[in-house]
Amino acid sequence: MALDKNTKVQKLFIDYPNIGEVLRPLSLEFVVNEDLTVEDIADEADLENDAFVNDLKSFIEDEAVTNYVNHTPQDLSKTVHDRYIEDFKDELPVLHEYIKKVSDKILKDENVHQAYDQLKEKVEEYVNLLEDTVHPLIEERKPSDVYDADLQKKEVEIIDDLYKVKRLTNDYNSDNTNSEVSFVYKRLERLEKQVTEMIALENLIRRQ
């Protein structure tokens, strides 16, 4: 694809999901704002536009195009269910226990635990709405746009909660050398990756 400073970041992310490794440390806003451009991200991060464009081009040179844009809404809803929702059912409760232990016994700080539980609740509400209501309508090829406003509101709340977790964990980096803390922070970072990919795909479904 042609990539320049005016490229929409959400579309870039849809075509090359692994580019999230570059984008997410700079901003999560692109997940809920389809108009955000490469230039917007560069300006927000105080990066030189041409250099940032070249970095992105270098990153995707060897990437296989995902071609989600060629999938039907039914294909995409199945992908979201199989790749993300099913994983969240296992991961969210387990991660809750890990974080509670680390927060209480090692960090002696409940802020991360409380922020995660707030995020967990929002993600669970979101995936329940998808699984119980929105995706069945999509599968049956019935209009689901009546739920768009609810989904968008929940997506913005989830991104806000992710920002809070990132801030409290210093972007998932800790001065504490305890291996359990590092393990939990890596799990949180992986959760961010999955959540942002899921929301981006849901945005694509709504545009089709």
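Which residues does F88 touch, not counting residues up to four places away in sequence? In this predicted model, F88 touches P93, V123, V127, L191, Q194, V195 and M198, where contact means heavy atoms within 4.5 Å. Residues are numbered from 1 along each chain as its sequence is written, and side-chain values use heavy atoms, with hydrogens and water left out. Because the model is predicted, local features need pLDDT of at least 70 and side-chain atom pairs count only at pLDDT 80 or more, while totals for chains, interfaces and linings use all residues.

F88 also belongs to the largest nonpolar core, which has 58 residues, and F88 and L188 touch the most other members. Such a core is a set of buried Ala, Val, Leu, Ile, Met, Phe, Trp, Tyr and Cys residues joined through side-chain atoms within 4.5 Å; buried means under 20% relative accessible area, exposed over 50%, and partly exposed in between (1.4 Å probe, protein chains only). At least two residues of this core come from each of helix 1 (9-15), helix 3 (38-44), helix 4 (49-60), helix 5 (73-107), helix 6 (111-139), helix 7 (148-168) and helix 8 (179-207). Helix 8 gives the largest share, 12 residues. Helices here are DSSP runs (H or I, at least four residues), numbered from the N terminus.

Next come the helix pairs. Two packed helices are described by the angle between their axes and the distance between the axes. For helix 5 and helix 6, the axes come within 10 Å and cross at roughly 160°; axes are lines fitted to C-alpha atoms over the stretch in contact, with angles from 0 to 180 degrees between N-to-C directions. The two helices are therefore roughly antiparallel to each other, a label for angles over 145 degrees. Their crossing is left-handed, meaning that the near helix is turned anticlockwise from the far one by less than a right angle. Their contact has 14 nonpolar, seven polar and 10 charged residues, with Ala, Val, Leu, Ile, Met, Phe, Trp, Tyr, Cys and Pro counted as nonpolar, Asp, Glu, Lys and Arg as charged, and the others, Gly among them, as polar.

The axes of helix 6 and helix 7 come within 9 Å and cross at roughly 155°, so this pair is roughly antiparallel. The crossing is left-handed, and the contact divides into 14 nonpolar, two polar and eight charged residues.

Finally, P73 lies in helix 5 and counts as partly exposed because its relative accessibility is 23%. Leaving aside neighbours within four places in sequence, P73 is in contact with I138, I205 and Q208. The C-alpha atoms of P73 and R207 are separated by 9.3 Å, although these residues are 134 residues apart along the chain.

Key:
Angles under 35 degrees count as roughly parallel, over 145 as roughly antiparallel, 65 to 115 as roughly perpendicular and the rest as oblique.
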